[in-house]
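Have the structure open as you read.

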Amino acid sequence: MLSEQSAATVRATLPVVGAAIGEITERFYDRLFTAHPELLRDLFNRGNQAAGTQRQALAGSIAAFATHLVEHPDERPDVMLNRIAHKHASLGVAPDQYETVHRHLFAAIVEVLGDAVTPEVAAAWDDVYWLMANALIAIEARLYAGQGVAAGEDTWREWEVVGRDDVTEDVATFRLRPADGAPAPGFRPGQYVSVQVQLGDGARQIRQYSLTGAGHGGAEVRQICVKRVRGEVGAPDGEVSNHLHARVREGDVLRVSAPYGDLVLDGTGADADADVPLLLASAGIGVTPMIAMLEQLAASGHRAPVTVVHADRSPAEHALRADHEAYTAKLPDGSAYFFYERPEAGHPAELTGYADLAVLPPIPAGTRAYLCGPLPFMRAVRSQLIERGVGAADIHYEVFGPDLWLAQS
């Protein structure tokens with residue numbers, strides 16, 4: 001970890017660096033994309049860049065890592081690091097790209113902070129960067145090895161679309177099979193794949209989509225569920241999701257990564273920890289990893305209570321609702337609570353509006369919880385779970401979008 005001298009310097013300069021980190025990352029990305037336009041075209045999410053969220057995410061991850069180092073010198077924030085490493089592996093990030101980032105990031109720091117960046121300050125923050133970078137490189141190397149691929153190489157494999165269903169107005173499922181006829185890689189329920197598409201301007205943009213199972217298509221078929229992202233004020237439409245909805249049909253071929261992601265069921269099923277109570281909470285398209293988890297639990301005959309919570313705008317917008325209900329019904333002790341802002345007639349009043357765990361029966365002792373959805377939803381549910389006695393270490397979640405450093409515990 002950090003040397004005592006570096007830790008003292010980082011602690012002293014963290015407020016100054018933290019106050020300027022937004023400007024630093026803006027300068028950094030301007031420098032990076034000027035020198036390497038292919039990274040914006042083919043690696044970074046252009047939508048997040050346009051909205052500024054990717055810049056906030058980089059700033060947040062560095063500040064969060066540095067803060068953790070000085071506040072907990074004997075610990076490493078592995079939850080945050082694992083989450084970021086899985087995302088990087090799904091993108092094919094290679095070790096040499098960390099050197100590229102380092103060069104342009106530290107040039108941006110000097111540009112913004114000027115004479116405040118003494119040799120001692122530069123050395124201390126250099127330590128912070130390489131502690132984080134080398135930890136990520138090591139984790140990513142293990143992930144690549146587990147998939148039998150080389151870092152930065154062999155990331156993409158062609159998969160044929162063998163089926164498509166439009167399940168709601170804005171959500172479509174795509175069933176995929178390896179185009180080369182080779183076996184499909186295994187995956188753990190809750191994991192995702194990256195999908196790379198070539199857009200009209202030649203850019204190869206990448207997005208992540210949770211695997212929702214085999215989609216009833218056999219052992220070699222995998223299914224993803226894609227929500228069309230409609231731009232809001234200050235943000236463009238989702239480039240990849242709209243491309244998939246508008247242009248991709250059965251018979252087309254997509255470039256897809258191996259499965260990654262650390263929001264996976266831990267030690268559950270008929271043969272391991274089948275007596276652990278579970279709570280699966282989702283909102284909107286966050287339902288997708290939960291469907292895969294429920295499919296596994298139903299198939300394994302998980303005996304302990306499984307509480308399913310989902311929040312959506314309306315039943316019509318609840319993607320995979322039939323699967324959500326069917327898999328829950330197959331569990332020996334499963335119960336589902338669907339909250340809708342605009343429910344159908346006859347929907348229970350207590351399940352109308354935002355998700356509220358207060359209306360649920362008591363949560364069994366020892367419950368392990370898995371969450372996926374917008375950050376405000378996950379923060380609210382996590383707080384309610386802790387208030388009701390669920391341990392913070394037993395609450396796991398998936399973060400969609402660039403804010404992988406958030407909610408580190």
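**Strands, sheets and a helix pair**

Val-197 stands opposite Gln-205 in β4. Strands and helices are DSSP runs numbered from the N terminus, with at least two residues (E) for a strand and at least four (H or I) for a helix. This is a predicted model, in which local features need pLDDT of at least 70 and side-chain atom pairs count only at pLDDT 80 or more, while totals for chains, interfaces and linings use all residues. Residues are numbered from 1 along each chain as its sequence is written, and side-chain values use heavy atoms, leaving out hydrogens and water.

**The antiparallel sheet**

- Six strands make an open sheet with antiparallel pairing, in the order β4-β3-β6-β1-β2-β5; two strands pair if DSSP finds at least two bridges between them.
- The edges are β4 (204–210) and β5 (222–227); each has a single partner strand, so one side of each has no neighbour in the sheet.
- From one strand to the next, the twist averages 40°. Axes are lines fitted to C-alpha atoms, for helices over the stretch in contact, and angles between N-to-C directions run from 0 to 180 degrees.
- Strand β3 (residues 192–198) runs antiparallel to β4, joined by seven bridges.
- Helix α5 packs on this sheet and touches β3 and β4, its direction making about 40° with that of β3; contact means heavy atoms within 4.5 Å.

**The helix pair**

- The axes of α4 (residues 53–71) and α5 (residues 78–91) come within 11 Å and cross at roughly 150°.
- That makes the two helices, α4 and α5, roughly antiparallel, a term for angles over 145 degrees.
- In α4, Ser-61, Ala-64 and Phe-65 meet Met-80, Leu-81 and Ile-84 of α5.
- By class, this contact of α4 with α5 has five nonpolar, one polar and no charged residues. Ala, Val, Leu, Ile, Met, Phe, Trp, Tyr, Cys and Pro count as nonpolar, Asp, Glu, Lys and Arg as charged, and the others, Gly among them, as polar.

**The parallel sheet**

- Five strands form an open sheet with parallel pairing, ordered β9-β8-β7-β10-β11.
- Its edges are β9 (334–340) and β11 (395–398), each with a single partner strand, so one side of each is left without a neighbour in the sheet.
- Strand β10 (residues 368–372) pairs with β11 in the parallel sense over four bridges, and Tyr-370 has His-396 in β11 as its bridge partner.
- Helix α10 (residues 321–330) packs on the sheet, touching β7 (278–283), β8 (306–312) and β9, with its direction at about 155° to that of β9.
- Helix α11 (residues 375–387) lies across β7, β8, β10 and β11, and runs at about 165° to β10.

Definitions and conventions. Parallel < 35°, antiparallel > 145°, perpendicular 65-115°, else oblique.
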